[in-house]
Amino acid sequence: MSGDAVGRRRGGVAEPVDGARAPGGIPSKPGERPRRIRDRPTLLLFGVLAIALVAAFLARPQGERSSDRVTIRSSLRTTPDGIAAFARAIERLGRPVAPRFTPLVEADPVRGTFVLIRPRLPLTPREITALLDLVRGGGTLVHVPVYRAPAGLSRSPRRSQFMDSIGVRFRYRTQEDQFRDRYLEDPAWASHPLTAGLSDEVGRLTHGFRFVDAAGEVVPLLTVRDSEGQEWMAAAEMRLGEGRVTVLSESRPLSNGNAAESPLAALAIRAVLAGTAAADTVFFAEFHQEIGGQRSQAETLADFATGHPVGRVLLHLSLVVFLALACGGLRFGAPTPTVAPPDRKRRSPLEHVSALGDLYRKAGASRTAALLLLARLARAARLPPPRDTADADALLTRLEGGEGPDSSLARVRRALHANPPELAAIAAGIDEHLARRAGS
């Protein structure tokens, strides 16, 4: 018995190893084994996409570190460079906190207490006017300016328009200070209700400032000295109209990684609480951190997939696997032309069988095609179709009825056992046998 005739038996019924299947792997009999997962490219494609989405969701930044190299002092940011802890501390102490996602003009009215920490987007002249009007009317502003190195050969740090409006000038940090890793020394708290009881351990401070042509009365809160002994301010309060502006030289003490131990963070919280009534709200300028609103999980995943190194690797791997599976399971049209041949003549049954046989032969399924042809003979005799070569031999033996070696069914048997089976001879023999049976 040939290898194609060897099969498994389950419940007394023989099952072929290769299986009598129609083109494309579809079972031709109800009892045959279903297709495996690897034979279903569409399922594999969706599986790859699902795995990629789950991996991206699990690998997205969770707050342990920044997703980029840019420092963003946002109250929504829980990474070490954010100030979410600072905002939540104010809220726990009884003052409502809210992010502001709109500019200070042509949007919501400017009210309450405003926190502007190292803004990435500078204020426009109209926004500066609106903010100073808020302070003059009794509002409170907590502000940390951005230190910008001098341009060209200048030794004066660049200033924003808002710094010019309130008169703040930063100390120039020389290249020697940076090379020797020098910091400002001798921090000293001024006698003020906001500084009472604060620790002298303020940490390393890099920048100091002074007020030149200040817009209001200035009260120093924390002073430091540079290597030349000159005095600078690290924190100060400027009284402007009915309100106050608290200015700090650095934003690092307010960040999530330092706020718990920094007396400067305690000073900023005291300034907010002292200038905010219980019914007012403390607004954090998220718009000027270039944040336009709270982001959905889909936006977070999209940014992770395009802006994070791990996300880009996952995205590229998913695309490569997706394309490989898509190309592997793609069907490039029907195996026969959709229009009639040029002579407009239809194929004869023999030509059709020959073409079909060529397809099965190229697919390595000639024996399966032979069994499918013999199924026609079994249906005519009202017998079950053969499932393997052994069943086919039994069918032919039963139908031969003592005919000689040159009978049509004998030729079918020889064509069946050829290697590979001769499909055209099998079809011709079956046609001859059925025609003779119909004539008798």
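Predicted model: local features only at pLDDT ≥ 70, side-chain atom pairs only at ≥ 80, totals over all residues.

I began with a residue list: Arg367, Ala370, Leu374 and Leu377 of α10 meet Leu409, Val412 and Leu416 of α12. Sorted by class, this contact has 6 nonpolar residues, 1 charged and no polar ones.

Helix α10 covers residues 366–380 and helix α12 covers residues 408–417; their axes lie 11 Å apart, and the packing angle is about 160°. Angles over 145 degrees count as roughly antiparallel, and α10 and α12 are therefore roughly antiparallel to each other. I also checked the hand: α10 and α12 cross in a left-handed way.

Then I moved on to another pair. Helix α2 (residues 84–92) and helix α6 (residues 263–275) cross at roughly 45°, and their axes come within 10 Å. For the hand, I noted that the crossing of α2 and α6 is right-handed.

Who does the touching here? From α2 I wrote down Phe86, Ala89 and Ile90, and from α6 Ala265, Ala268, Ile269 and Val272. How many of the residues in the contact of α2 with α6 are nonpolar, polar or charged? I got 7 nonpolar, with no polar and no charged residues.

The α10 contact with α12 includes 1 charged residue, while the α2 contact with α6 has no charged residues.

How values were computed. Residues numbered from 1 in each chain as written. Heavy atoms only, no water. Axes fitted to C-alpha atoms, helices over the stretch in contact; angles between N-to-C directions. Helix = DSSP H or I, 4+ residues; strand = E, 2+ residues; numbered from the N terminus. Parallel < 35°, antiparallel > 145°, perpendicular 65-115°, else oblique. Left-handed = near helix turned anticlockwise from the far one by under 90°. Contact = heavy atoms within 4.5 Å. Nonpolar A, V, L, I, M, F, W, Y, C, P; charged D, E, K, R; others polar.
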